[in-house]
Amino acid sequence: MNGYFGQFGGRFVPELLMPPLVELEHSSAKFLNRSDFKEELSELLTDYAGRATPLTFCPAFSAELGVKVFLKREDLLHTGAHKVNNTLGQALLAKKMSKKNLIAETGAGQHGVATAAAAARLGLSAKIFMGAVDVERQRANVDRMNLLGAEVVVVSNGTQTLKDAINETLRYWIAHQDDTLYCFGTAAGPHPFPELVAHFQSVIGLEARDQILKKTGTLPDYVVAAVGGGSNAIGIFRHFLNNQEVCLIGVEAAGTGEPGCYNSASINLGRPGVLHGQLSMLLQDEAGQVLPSHSISAGLDYPGVGPEHAHLAAIGRVRYEMAADADALNACCLLSRAEGIIPALESSHALAWVIKRAPEIQGRTVLICLSGRGDKDLDIIKNALTERGLKL
Amino acid sequence: MKIATLANIITSDKNNGRMTLIPFLPAAFPEANLFWSTLTELSENGAGIIEIGVPFSDPVADGPQVAAASEIALKNGGSLAYILAGLAEKRAKLECGLVLMGYVNPFIQYGWANARRKKKEVSLVEIIETSLDILAEKLARVAVQGLIVPDLPLEESEIWLKVLKKYGLTLIALVGPNTSFEKMKNYAEAGVGGYVYVVSVLGTTGERSELPLEVTRTLTRARGAFNLPLALGFGLNSPRQLDYLPANLKPEAVIFGSSLIRHLEQGHSVAAFMEPWRK
C-alpha cells in the first residue's frame, strides 16, 4: 500500500494536509534522483557539513570490553549531530519547490539548530516550534537558533514537549502550505516523511559500510544505533538490511528503568497506534491517549517511533532492546575517558547496549552510530552525576 | 428509539426554511455532569444535530480554544466509555441527531484488547477492523449516527466505511479550500454520508471575524461533487458571516465549536448562544 512499510506507516492527517504532502511526495520523486540535485546536496554535505565523517576504531574501549568497537562519527558533523544530513536535503528540496520558508519541530533543539543552519545557508526563513518545557531545559540551543536567524515559537499546550511541538508545526503548516515546507526531523510522521528522511540519512550507512570494509575486509557482526524517532538508526541500518549475517540492534530509552516508569521505548513497551500521521508503535493508555515519554536523553524523548522501525521489529530483521538512563550515563563517562570522545546521551544508549552485552559478544566487531556529540548534554550529565553522589 | 436520519433532519429543516444548527461540544466539558445537561439544553434550544467531541491528547486539527477544552474534557474523564455509558441512559431524551467527532487513535483503541483476544496472530488491519466493529456495534445501540474523524483522509478510510456501513452508521467527509473537485468526487463515490463538513478556512478550528472569500469557491465545488447537504464549519461565530453568500451557496447547516465553548466558559447560557442562530 502507498506509504506503508509492511503494515505500518500511512498518512493519517486532515484532508487539508493531503495536498502539501502529495506535493512533497511528487517533488521528492522528481528531484531526488536528478543529477543536479545530487551534486548540489553532495557539495553541501562535503564542503559545508563536513562529510564524509570518519570511522574511528576505539582501542582502549575495545580492550576494556573485549569487543572490536568502531564508531561512525556523526558527532563531527556541522551543528554536532546527524540531523544536518536531513535538513540540508529538505532545505535544498524546498528551494527546488520554490518554497520560501521552512518550519520544523524540535525537542532538544538539535533538529531546530540544524534546520536553522540549513535555512540560513540556503536563504530560506526558518520558524522552529519548541515545547515550553524544552525551551527551559535547552536554553543554549534556543540562543543558537536565534543567532542563526530563526524564529523560535514556544508551544505551551499539552505536555509542552516534542510531541506537542510536532502538533503545533502541523497546525501551522495547514494554514501556510503555499509557501512553506515542513522540514520533519526524524524518519516518522505521515508519508512521505519516513521515506524522505531515511533517504537523506542513509548516507551514514553508505559511508560506514564502505569504510568498515576497507578497514577490516569484512562486514561487522553488529550494527548498533539508538532509536527515538529513529532517523540515525534507519540511516545506518539501510545499507546492511540485505546482509542477514549482520545483526542489527536498535536501542530504545527505558527511562529510569523502574517498572511502570515513563520511558521512550515504544517498540518494547507500546502497542500499535496512530500519532502524528502514522500507524506505528506508540506509548499510550488503555483508551488510546498518548502517554508522556521520558528519557535522560532529550533526543530520544518521544512516545512514538518511525514506522519502518515498527516494521523491521515485526519481521524480526532488527532487534530492539533497551538501555536505561543510568546505563547511558555510565557509557557516556566510559567512552569519554577511554577515547577522548564525549558522546551525546542519545548515542550513549547504543554504547550502553554494547557494554551490557559485551560478555556475550567477545571478539566480535561492532559498528556503533555515534549520532551526536555530548557537549549539549553537559548540564544534564553534571546534574545526573551529582544526584548519584558522583563528580565529572 | 426512532430518530430521523442525519440527511432527513437537515432536509426537514430546509423545507421549513431554516438552516440546521450543529453545535460541537467535547465530552465531559465543561464538567462531567454538566455536559449532559448542556447537551439537553442544546437539543431544546434548536440544535438539529449535536457533534460530541471525543477528546484526544494530540488534536492536530484543532485551534487553541477546542484544544484547551479537550484537555479539560480529558481531565474530567471524557472518553468513549464515558460517552457510551451516558448515552445508554440519556439518548432517548435527546431528540436531535448525534455524531461523534474525534481522532483516529481513541476510536481504533476502544475495542483493541478484545479484538486481540478474539483473533490471535492476525494482521494489524484485521485487529483494527475488529476493534472498530466492536465500537460501531455499541455506538449503533445508543443511536450515534455517524463519525467525523479529522485525521482520517479518504486514502485511509476503507475499513472505516465498511465497518460503519455494517451498523448503519455514516462516515462524514471533511473537505476544505484546497480540496479539488476530483477529490470531493472521490469522497462521494467512496460512500461518505450524512452531510459534508465544509471547512471554511485553510487552518484549524477557531473563531474568525470574517470568512475568507474562497468559501464561495469551496461551496461551489462541494455542491457539484456531492449529492448531500453541506454543513459549513471552522471559524463561525455569527450568522451575519453568511450574509454575503449567494442563495444557492448558502449551506444547509452550520457547525460551531470554539464560539460555543468560549460562550460557555464566560458563564453564558446555551439559550443565549443559540438565540441569534435560530432567527
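Modeller: Leu248(A) counts as buried because it has 21 C-beta neighbours inside 10 Å, where 20 or more are required for that label. The model is a predicted one, and in it Leu248(A) sits in strand E10 of chain A, which covers residues 247–253. Leaving aside residues up to four places away in sequence, Leu248(A) touches Val223(A), Phe237(A) and Phe240(A), and also Arg317(A), Val318(A) and Arg319(A). Of these, Val318(A) is 70 residues apart from Leu248(A) along the chain, yet the two C-alpha atoms are separated by 5.0 Å.

The buried residues of H14(A) are Asp325(A), Asp327(A), Ala328(A), Leu329(A), Ala331(A), Cys332(A) and Leu335(A). Just after H14(A) comes Gly340(A), which takes a positive phi of about 70 degrees.

Strand E4 of chain A, residues 68–73, is mostly covered, with five of its six residues buried. Strand E3 (residues 55–57) of chain A pairs with E4(A) in the antiparallel sense over three bridges, and within that pairing Thr56(A) has Leu71(A) as its bridge partner. E4(A) is also joined to strand E14 (residues 365–370) of chain A, here by six bridges and with the strands running parallel; Phe70(A) is bridged to Leu367(A) in E14(A).

Chain A also has an open sheet of four strands, in the order E7-E6-E5-E8, with parallel pairing. Strand E7 (151–155) and strand E8 (180–182) of chain A stand at the edges and each have a single partner strand, so that one side of each is left without a neighbour in the sheet. From one strand to the next the twist averages 25 degrees. Strand E5 (residues 101–106) of chain A is paired with E8(A) in the parallel sense over three bridges, and Asn101(A) has Thr180(A) of E8(A) as its bridge partner. Helix H8 (residues 162–175) of chain A packs on the sheet and touches E5, E6, E7 and E8 of chain A, its direction making about 160 degrees with that of E5(A). Helix H5 (residues 110–122) of chain A lies across E5 and strand E6 (125–131) of chain A, and runs at about 175 degrees to E6(A).

Finally, there is the contact between the chains, which takes 27 residues from chain A and 31 residues from chain B. On the side of chain B that touches chain A, helix H3 (64–75), helix H5 (104–109), helix H7 (124–141) and strand E6 (174–175) of chain B each supply at least two residues, and H5(B) gives the most, with five residues. The residues on that side of chain B divide into 17 nonpolar, ten polar and four charged.

Definitions and conventions:
Residues numbered from 1 in each chain as written. Chains lettered and ligands numbered in written order. Predicted model: local features only at pLDDT ≥ 70, side-chain atom pairs only at ≥ 80, totals over all residues. Buried ≥ 20, exposed ≤ 12 C-beta atoms within 10 Å, placed from the backbone. Pairing = 2+ DSSP bridges. Axes fitted to C-alpha atoms, helices over the stretch in contact; angles between N-to-C directions. Contact = placed C-beta atoms within 7 Å. Nonpolar A, V, L, I, M, F, W, Y, C, P; charged D, E, K, R; others polar.
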